[in-house]
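Keep the 3D view open as you read.

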Amino acid sequence: MKPTAFTPIHRELGAKLVEFAGFEMPIQYSGIREEHRSVRESVGVFDVSHMGEFEIHGPDASALVQRITTNNAAKLVEGKVQYSAMCYPDGGIVDDLLVYRLGEGYMLVVNASNIRKDYTWIVSNSKGLDVEVADKSDTISLLAVQGPRSAETLQKLTSTGLSEIPYYAFTHGTLAGVDMLISRTGYTGELGYELYFPWDDTLARKVWNAVFDAGKEFGIKPVGLGARDSLRLEMGYCLYGNDIDKTTNPLEAGLGWITKFDKGPFIGSDILQNVRREGMKRKLVGFVLDDPRAFPRHGYEIHAGGNYVGVVTSGTVSPVLGQGIGLGYVTISVVNSPIPLQISIRDKKAGAHIVQLPFIKK
């Protein structure tokens, strides 16, 4: 397993380490519920250095990004970030990603499990364009500092006005004495920042220690992948490999808002236009279980009126709601139907009902 620059710190803190996307990553420290609540109520820190970063430069950089992504990157100006996706020609999803506008170029932040696949896909679709695509994943450390006290924590360490950074924007600055890219983004639904700086053991410890010293008065906690998953699911955010993959398209996954047909053709746009015209056959929905003791999991069958109608893609017990929540694809006919759902859990069926996302109303 590949370590990050923070792995020695995780070991010192007694984190439970697991293999994730080829990396040795902390799944939890003090406990998923405690870490989850720390982010919702105060501030928590995630090592997400396993994520991939590609830089695209050259005269045709914009043309390439427009070709491979669903959102309209032409609307990005320097210092702005955009959530987007890449599709195969059949409309299936290659990956979801963030697009950063870096002056004359771009940085794409992709999922850790897709780094090699995504890089190959992007390069293969750059033929005929004057661009350079560089995989910077092994040179960048990434910390996510998330929660309502995240700005107060980090502002102690930088002269950059964090409150002046709009949501889905970034700036270059110095924090804890380290030059870095400071982005107001995240995967939790809370106020938060993501810190990109050189992959170096000394710098990693310096930034980590400074952030935790600054957040001590707020009860700052390190947070693992377990709470990262429950936090994103409470907000209804998709996870690649669970809720979206090559067998799903952005429209049925509820990502129509990042699928901009008016920008011109992009890979998969013809098929997605047909889906829009003909109508979807299924849709990703959020559901809540009626029995607070029931726990939905990925792969469980969904039934309605005694008929199989779909499958659970993500599930957990929400630490905030105290109920089982999940995402799943169901046939379009039951999306607005009054017929309640049933989730097959082992040899029993647990009642459930569809709700509007997010599960947690901010």
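Two strands pair if DSSP finds at least two bridges between them. Strands (E, at least two residues) and helices (H or I, at least four) are DSSP runs, numbered from the N terminus. Leucine 289 stands opposite alanine 352 in strand 19. Strand 19 (residues 348–355) pairs with strand 14 over 4 bridges, in the antiparallel sense.

The model is predicted: local features need pLDDT of at least 70, side-chain atom pairs count only at pLDDT 80 or more, and totals for chains, interfaces and linings use all residues. Residues are numbered from 1 along each chain as its sequence is written, and side-chain values use heavy atoms, with hydrogens and water left out.

Now the barrel. Its 6 strands close in the order 14-17-16-15-18-19, with antiparallel pairing. From one strand to the next, the twist averages 45 degrees (axes are lines fitted to C-alpha atoms, for helices over the stretch in contact; angles run from 0 to 180 degrees between N-to-C directions). Helix 7 lies across strand 16 (307–317) and strand 17, at about 125 degrees to strand 16.

Next, helix 4 (residues 115–124). Its buried residues (under 20% relative accessible area, 1.4 Å probe, protein chains only) are Ile115, Asp118, Trp121 and Ile122. Down the helix axis they fall within an arc of 135 degrees, so they line one face of helix 4. The arc is that of the directions from the axis to the C-beta atoms. Their cover includes strand 4 (52–57) and helix 3 (61–68).

Finally, methionine 107. Beyond its neighbours within four places in sequence, its contacts (heavy atoms within 4.5 Å) include Phe54, Tyr100 and Leu181.

Key. Buried < 20%, exposed > 50% of the residue type's maximum accessible area, 1.4 Å probe, protein only.
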